[in-house]
Amino acid sequence: MKSSVQITRGIESLFGTRDENMRLLETGLGIRTSVKSDSIEVEGTQPAVDRAISILSDYATLMNEGFVFNNGDLNSYLRVVTADPSASLRRLVDSGKQRSFGKKVIAPKTMTQRMYMEAIDRNDLVFGIGPAGTGKTYLAVAQAVAALLSKRVSRIILTRPAVEAGERLGFLPGTLQEKVDPYLRPLYDALYEMIDVEKIEKLLERNTIEVAPLAFMRGRTLNDSFIIMDEAQNTSPEQMKMILTRQGFNSKMVVTGDVTQIDLHHGQRSGLVEVIDVLRGVEGVSFVQFDDRDVVRHTLVQRIVRAYEKYNESIGANRQLSLKLTDPNAPDAHAEPAASPVASPTAIASTTQPVPETAA
C-alpha cells in the first residue's frame with residue numbers, strides 16, 4: 001500500500017542529521033519513504049502506512065503552527081511514537097509545553113516526564129516507577145491539582161504506607177493523625193507549592209483533599225477522585241490489590257514507587273514488584289519507567305543513583321560467582337571430563353524444547 005502526506009515546511013528537520021529521523025521511522029514501522037516534490041510518499045502494509053501518515057500529519061500541522069523542535073527532540077519523540085501505538089506526536093509535544101498547575105507553572109524536563117504526563121492524561125491507572133528525584137510524585141500531584149481546579153474531579157486522595165512506623169506507631173506522642181503526618185509530609189510539600197496555604201487548609205478541613213495512610217483506604221469506594229499512592233514499593237501484594245480495587249467511577253489513580261528502596265521486612269514480596277507482572281498488558285493501565293537520566297534534582301543525586309546501580313550489579317555478579325564456587329554439585333575443575341553417552345533422538349528433542357520466558 002502507498003500513501004502520501006504533504007509537508008511544505010521543516011523537511012530538513014524531519015529528516016535530521018544524516019537522515020537519522022527518517023531511518024528511525026522506517027525501521028520502527030517497517031515502511032519505505034520517498035520524497036515527491038512537496039510531499040512524502042510512504043509504502044508498506046496498511047497498518048504501518050496509516051500509522052506513519054498519522055505521525056507525519058501531526059508533524060506537518062506542528063510545522064504550520066510555527067512549532068520549532070530543539071536539537072534531538074524530534075528523534076526522542078519518534079522513538080516513543082514508533083514503539084507505542086497509543087502515543088501521538090501531537091500529544092507528546094503538547095505535554096512538553098508549560099502548563100499551569102494551581103499557582104505553579106510546570107514543564108516536563110525529560111522525555112520520560114513528558115510520556116508520564118501524557119499517560120496520566122490518557123489512562124485511568126498509571127504506574128510511575130523509578131529512582132528518587134525523577135518527579136514521579138510531584139508531577140502526579142500537579143496533575144491532581146489541575147484536575148481538581150478544573151472540576152474534572154471533586155477531591156484528591158493522597159496516600160502512602162507508613163511502613164517505617166511499624167509497631168512503634170502507638171508509642172509516638174499525639175493523635176493518630178499527628179503520628180502518621182510525618183510519613184505523609186512529602187505529599188503535603190508538593191501541595192503547598194501549587195496551592196496557597198489558606199486554601200489548602202480549607203480543602204483539608206472539607207476533605208476535598210485527603211492525605212491519609214494506606215490502611216485508612218480499606219473498605220472504601222473512591223468515586224470522582226484523583227488518587228495518588230506514593231512509596232508503593234512498601235506495600236504488600238494484598239495492600240496493592242486493596243488500593244487498586246478502591247477506584248470508583250470518574251476516578252484516576254497514579255501509583256508511584258522505587259523498587260530499589262524497599263523497606264519491607266526481609267523476604268516479604270513487594271506489591272509493586274508483583275503488580276508489574278500481574279497488570280502488564282492490561283488495557284487502560286500504563287507503566288512509565290524512569291531511570292537515572294530523568295533525575296531532576298542536584299546533579300550529584302544522578303551520580304549517586306548510578307553509583308548504587310553499578311554497586312548492586314557488582315554485588316549480584318560476585319554473589320553468583322560465590323554460589324558457583326561453593327556448589328557441592330559443581331563438577332571438579334581438575335577432574336577428567338566424563339565420556340558423553342550418545343543421546344537418543346528422544347533425549348535430543350527434550351533438550352531442544354524452548355524454555356518458557358519468565359517476566360523479569
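**Strand pairing, core and salt bridges**

Me: Which residue of strand 10 is the bridge partner of Gly-128?

Reply: Strands of a sheet pair through backbone hydrogen bonds, either parallel or antiparallel. Here, Gly-128 has Thr-256 as its bridge partner in strand 10, and it stands opposite Val-288 in strand 11. The model is predicted, so local features need pLDDT of at least 70 and side-chain atom pairs pLDDT 80 or more, while totals for chains, interfaces and linings use all residues. Residues are numbered from 1 along each chain as its sequence is written, and side-chain values use heavy atoms, leaving out hydrogens and water.

Me: How many bridges join strand 6 to strand 10, and how many to strand 11?

Reply: Strand 6 runs parallel to strand 10 (residues 252–257), with five bridges between them. Five bridges also connect strand 6 with strand 11 (residues 285–289), again in the parallel sense. Two strands pair if DSSP finds at least two bridges between them; strands (E, at least two residues) and helices (H or I, at least four) are DSSP runs, numbered from the N terminus.

Me: Are the residues of strand 6 buried or exposed?

Reply: Five of the five residues in strand 6 (residues 125–129) are buried (under 20% relative accessible area; exposed is over 50%, partly exposed in between, with a 1.4 Å probe and protein chains only). Leu-125, Phe-127 and Ile-129 point one way, Val-126 and Gly-128 the other way.

Me: In what order do the strands form the sheet, and is the pairing parallel or antiparallel?

Reply: The open sheet has six strands in the order 8-7-9-10-6-11, with parallel pairing. Strand 8 (209–213) and strand 11 stand at the edges with a single partner strand each, so one side of each has no neighbour in the sheet. On average, neighbouring strands are turned by 15° against each other, direction ignored (axes are lines fitted to C-alpha atoms, for helices over the stretch in contact; angles run from 0 to 180 degrees between N-to-C directions). Helix 7 (residues 136–149) packs on this sheet, touching strands 6, 7, 8, 9 and 10, and its direction makes about 170° with that of strand 9. Contact means heavy atoms within 4.5 Å.

Me: Which residues touch the most other members of the largest nonpolar core?

Reply: A nonpolar core is a set of buried Ala, Val, Leu, Ile, Met, Phe, Trp, Tyr and Cys residues joined through side-chain atoms within 4.5 Å. The largest one here has 36 residues, and those touching the most other members include Tyr-116, Val-141, Leu-158 and Phe-226. Helix 7 gives the largest share, nine residues. Among the contacts of Leu-158 are Val-141, Leu-187, Leu-191 and Ile-228.

Me: How many salt bridges does the structure hold?

Reply: Side chains of opposite charge can pair when their charged atoms come close. The structure holds twelve salt bridges, each a side-chain nitrogen of Lys or Arg within 4 Å of a carboxyl oxygen of Asp or Glu. In one of them, Lys-252 meets Asp-124 (4.0 Å, N to O). Lys-252 lies in strand 10 and Asp-124 in the loop between helix 6 and strand 6, so this pair ties together parts 128 residues apart in sequence. Lys-252 counts as buried because its relative accessibility is 15%, whereas Asp-124, at 45%, is partly exposed.

Me: Where does the salt bridge of Arg-32 lead?

Reply: The side chain of Arg-32 meets that of Glu-43 (3.1 Å, N to O). Arg-32 is in strand 2 (residues 32–36) and Glu-43 in strand 3 (residues 39–43), eleven residues apart. Arg-32 counts as exposed at 51% relative accessibility, and Glu-43 as partly exposed at 28%.

Methods
Lists of a residue's contacts leave out its neighbours within four places in sequence.
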